[in-house]
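Subject: Structure handover

Hello,

Here is the structure for you to open. My notes on what was found follow below.

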Amino acid sequence: MSTTTSKKLNVKTGMDTESIKADILSHLRYSLATDIETANKKEFYKSVVLSVMDRLHDSWLNTQKEYREKKTKKIYYISMEFLIGRLLDNALVNLNLEQEFRDACKDLGYDYEEIRDIENDAALGNGGLGRLAACFLDSMATLGLAGFGYGIKYDYGIFKQKIHDGYQIERPDDWLRFGTPWATTRPSVMYPVRFYGRSVPYTDEDGHLRFKWENTQHVYALANDIPMPGFRNGVVNNLRLWKATSPKSLDLTSFNQGEYINAVRDIELHENISRVLYPNDKIFVGQELRLKQEYFLVSSTLQDILREYKQQHDDLRDLPKYVAIQCNDTHPNLAVPDLMRILMDEEGFDWETSWDITVKTLSYTNHTVLPEALEKWPVSMLRNLLPRHLQIIYEINKRFINKVHEHFGDDVNRVRRMSIISEGEQPSVQMANLGIVGTHKVNGVAALHTDLIKKTIFRDFFEMYPERFTNKTNGITPRRWLKQCNKPLADLITSEIGDSWITHLSDLRKLDDKVNDKKFMKKYSDIKQQNKERLAAYVKENYGFELNTKAIFDIQIKRIHEYKRQLMLAIYAAAQYNYIKANPDAPVVPRTIIFAGKAAPGYAMAKMFIKLINSISDKINNDPDMEGKLQCFFLDNYSVTLAEQLIPAADVSEQISTAGMEASGTGNMKFALNGAVTIGTLDGANVEIKEEVGDENIIIFGLTVEGVEELRRSGYSSWEYYNADKALKQVIDQIRDGFFEPDHPSLFHTITNSLLDGNDYFLVLADYPAYAEAQKEVDALYSKPDEWFKVALYNTARVGKFSSDRTISDYATDIWGCEDQLNKGREYQGS
Ligand code: BZD
């Protein structure tokens, strides 16, 4: 054995500061070829992470071994997005090594926070859907489920947002520029993913008609694994992200012909599949590259799942017994025809057997009712790219339509609505319909949303397959969204009620009794103040802007979208400005309004909202009359890491979507847990948050889903609302007439036109008066700090339901059939 190897093997993986220090030094020298004297911060960060990885590897391997030996049922969560953010804090929290690593860094001359901040967010998602997938991985590992994430290792995650002159500018997110020490590339795990070609019929030995997919082109999917540790339970699951690489044999012919440059260009083309995350949420843009990405993910993942399965089991007919596959939205729904294809064309099963296995193995989650977001792939595109799959989809549809006829008789309109293939000028495949027909469970992400999908977009399907529809209200991981991001509050809670809440969030109910404990309440409110000051320091340092920490921190952070109605809060900010100008001596409760969020690069209206918010902010922040009374600020480049700073500092959580449009929301849960008071509509999970915290501890306003329907039916006219509310009219006039943008007075006409002539589809004007009233309630409550903090504490204490541990237990029980695995012998017993 060479000395280097023996040194490597001698790397200690102890859990004490001294051995951690030794490992960091060792990694500097033997992994990075530098040393403590010459290393820079990035190198030091890298050795810290490698030392953490050393401490994960044994558990990682042992966990997989145990799953194999026990033939544990495996859960595969397929998602085009995993918005995992930074991993260092999370790994240390889950390994219970925060203090040791902190001390090790300090002893070696580095400040832990500074090192932690070196890490780029893995921003491989747009918003809620991607973050939910990340929370689920944390919960699956914590609950001891054999749960694996499968996604794409995009070279570029969600774009970086800069603000120039108030406008959003997009810049590439080159997060892998210096690589990531968290991902292990596995050259041994690589699969060809085929495209194009044609489906060729033939007769097999038994005289059955079968099909071969021939003349295909292929690219390789290469596995990159990121460990997903559970909370202090020794479990380490895996997130496998595929990277596209070109086939080795690529174009030897080209080389021979001297077309070297073309061959290299082809490599580039193949690798483009995993180049960039599509930055659109809630709008379907039918680009071929996106379809390639979706199939790339599905094909490589199914190959991997089946390879693993075959190593442990003999009979594919038992697949649903040992494997459950969850499709995160319709993006991975090509799994339906692809699994059918594998079972029939490659494994030789007949249609009925293949169908039974497919439906029982797969399930699908719906995240939106917005029609423009539903995926509809043109048949022509599929015919070209995936001809065999299209053929299978046609067959699925034919058989399904027969069943519809059996079930409903000759109802032509219903058949048209339910068909997986929509006919018309451009026939297309409705991926949601495919998902409902081809899986055994479809779930909504909040109770209201599930009711809505049953009544609206999927009504026909619900009437045919009522047992397929189920609700799984979203959740968030308390590890990241309280323990990690709000350490002072987490410590206070633990010192009062112990730390069982970390894995049993409903134990926070014990805090209910503390509302009358003055000493505790003082500490609780002091922490909020401290968090506000911490945020203010960050803003001061990065933007040179001084937040008024005595004011209400009123925060709306999420993707920018008309249905989320950032415009309503912007109008409120402008109305407050007008009020203060007109009543300079009137008392006001000081407020600092904070926005952050990205707009899809092609979404002009959302981008205009950002500009408007910035223009209104400039007006307010540059007017000395507003001092100590009102501020408005747009923070650029919203991210998981920024959310971790903003949420603990919030007094007010803005959850103000048009009722019926926000499927669930998960930010709402994070804010409530951290003691912010929600001002919100009865939409998504707000409804359930209200049920949990109690009506007195949430400020609800505006139209309900039924109210929205009724108003639309009876003929809504936004002009009436405009004329009826003076303060509202004044702001809209100001926006229209250039008050906030004097050099370009017509700049915001697209906004005011959509509100007035466009009749305000999102009902901002209809809800505004109720919203303004609700904001007065906020002021009144905040003016009585004792009352305010009671309400805040009830929020912290009563949102245990929204732990993603609960959500995952529900999936495990009702969809995945693996409830027997939950917490088996692995429960965390306290530190
Ligand atoms: O999913 C969101 C919903 O809007 C939220 O209400 C819900 O809480 C979360 C989690 O269930 N949907 C998305 O985030 N959707 C996307 O980001 C997306 C991404 C690509 C394509 C389509 C939608």
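On a 1 Å grid over the protein atoms alone, a pocket is an open set of points with protein on both sides within 12 Å along at least five of seven lines. A cavity is a set of points where a 1.4 Å probe fits but cannot get out. Lining residues have an atom within 4 Å of a point. Grid points are joined across faces, edges and corners, and a volume is the space filled by probe spheres set on the points.

This is a predicted model: local features need pLDDT of at least 70, side-chain atom pairs count only at pLDDT 80 or more, and totals for chains, interfaces and linings use all residues. Residues are numbered from 1 along each chain as its sequence is written, and side-chain values use heavy atoms, with hydrogens and water left out.

The largest pocket

Its volume is about 1200 Å³. The lining has 42 residues, and Arg86, Asp117, Tyr538, Thr641 and Gln645 lie nearest the centre. By class, 13 are nonpolar, 10 polar and 19 charged. (Nonpolar: Ala, Val, Leu, Ile, Met, Phe, Trp, Tyr, Cys and Pro; charged: Asp, Glu, Lys and Arg; polar: the others, Gly among them.) Helix H22 (518-543) gives the largest share of this lining, seven residues. (Helices, H or I of at least four residues, and strands, E of at least two, are DSSP runs numbered from the N terminus.)

The cavities

There are six cavities of 30 Å³ or more.

Lys670 sits in helix H26 (residues 667-673). An unreviewed UniProt entry places "modified residue: N6-(pyridoxal phosphate)lysine" there, at Lys670. Such annotations may be inferred rather than shown by experiment; positions follow the numbering used here, and feature names are shortened.

Why does Lys670 count as buried? Because its relative accessibility is 8%, and buried means under 20% relative accessible area (1.4 Å probe, protein chains only). Beyond residues up to four places away in sequence, Lys670 touches Arg131, Ile476, Trp481 and Ile647. Contact means heavy atoms within 4.5 Å.

Asn668 is also in H26. Asn668 is buried, at 1% relative accessible area. Leaving aside neighbours within four places in sequence, Asn668 contacts Ser653, Gln655, Ala685, Asn686 and Ile689.

Best wishes

Terms used:
Buried < 20%, exposed > 50% of the residue type's maximum accessible area, 1.4 Å probe, protein only.
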